[in-house]
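Subject: Structure for your review

Dear colleague,

Please find below the structure that I am handing over to you, together with its sequence. My findings follow directly after it.

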Amino acid sequence: LSNGADGYLLKKDSSAQLVRAIQEVYEGGAPMSPGIAHRVLQAFRQPKATAKKEYNITDREQQVLELLSRGVSYRMIGLELSISPETVNKHLKNIYQKLHVQCGPEAVAKAIRERII
């Protein structure tokens, strides 16, 4: 689905279901077998913490990422979190390493995509 499919049916679905699904896609719909729809919904309900744990992002690093995602400068992040600009830079270095990215915009994009923030 994330690669552009317009629906998802199982091999065991009947030919009548296949015909209905083709018609539904033609009309702009997105047919899915009930089991697949259930899995898709579960995937969207995954809590943020799961991805955060996978990357070992600390609570403070998450705070830095959230502020960075709002366009807050490094200096202002430090003031907001009552830490020095050097500490902000250290957190950002750790974040970049953990997320395997090279810069702030990449880190923010990946954090959003992975539901860390």
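The accessible surface of the protein amounts to about 8,200 Å², and carbon and sulfur atoms account for 53% of that area. Please bear in mind that this is a predicted model.

Overall architecture

The protein contains 7 helices and 0 strands, and the pattern read along the sequence is α-α-α-α-α-α-α. Its radius of gyration is 21 Å, whereas the globule rule gives 13 Å for 117 residues; the protein is therefore more spread out than a compact globule. The C-alpha trace spans about 65 × 25 × 20 Å along the principal axes. Of the 117 residues, 28% are buried. When contacts between residues at least 6 apart in sequence are considered, 51% of them join residues at least 24 apart.

The nonpolar core

The largest nonpolar core has 20 residues, and those that touch the most other members are Leu65, Ile77, Leu92, Ile95, Leu99, Ala107 and Ile116. At least two residues of this core come from each of H4, helix H5 (74-81), H6 and helix H7 (104-113). H6 provides the largest share, with 5 residues.

Once neighbours within four places in sequence are set aside, Leu65 is in contact with Ile95, Leu99, Ala107, Val108, Ala111, Ile116 and Ile117. Under the same exclusion of neighbours within four places, the contacts of Ala107 are Leu65, Ile95, Tyr96, Leu99 and Val101. Ala107 belongs to helix H7 and has a relative accessible area of 0%, so it counts as buried. The C-alpha atoms of Ala107 and Ser69 are 8.9 Å apart, although 38 residues separate the pair in sequence.

Helices H4 and H7

In helix H4 (residues 59-69), the buried residues are Glu61, Gln62, Val64, Leu65, Leu67 and Leu68. Gly71, which comes just after H4, has a positive phi of about 85°. The buried residues of H7 include Gly104, Ala107, Val108, Lys110 and Ala111. Arg115 follows H7 and likewise has a positive phi, in this case near 60°.

The salt bridge

How many salt bridges does the count give? The count comes to 1 salt bridge. It is formed by the side chains of Glu61 and Lys98, with an N to O distance of 2.8 Å. This pair links distant parts of the chain, since Glu61 lies in helix H4 and Lys98 in helix H6 (residues 85-99), 37 residues apart. Which of these two residues is buried, and which is partly exposed? Glu61 has a relative accessible area of 3% and is therefore buried. Lys98 has a relative accessible area of 25%, so it is classed as partly exposed.

A nonpolar surface patch

Leu1, Tyr8, Leu10 and Met32 make a nonpolar surface patch of about 320 Å². Tyr8 is located in the segment before helix H1 (15-26). Its relative accessibility is 40%, so Tyr8 counts as partly exposed.

With kind regards

How values were computed:
Residues are numbered from 1 along each chain as its sequence is written. This is a predicted model: local features need pLDDT of at least 70, side-chain atom pairs count only at pLDDT 80 or more; totals for chains, interfaces and linings use all residues. Side-chain values use heavy atoms; hydrogens and water are left out. Patches are made of residues with over 30% relative accessible area and no salt bridge: like charges are joined within 9 Å, nonpolar side chains (Val, Leu, Ile, Met, Phe, Trp, Tyr) within 5 Å. Accessible areas come from the Shrake-Rupley method with a 1.4 Å probe; for residues, only the protein chains shown count as cover. A salt bridge is a side-chain nitrogen of Lys or Arg within 4 Å of a carboxyl oxygen of Asp or Glu. Helices (H or I, at least four residues) and strands (E, at least two) are DSSP runs, numbered from the N terminus. Buried means under 20% relative accessible area, exposed over 50%, partly exposed in between (1.4 Å probe, protein chains only). A nonpolar core is a set of buried Ala, Val, Leu, Ile, Met, Phe, Trp, Tyr and Cys residues joined through side-chain atoms within 4.5 Å. Contact means heavy atoms within 4.5 Å. The radius of gyration is taken over C-alpha atoms; the globule rule is 2.2 Å times the number of residues to the power 0.38.
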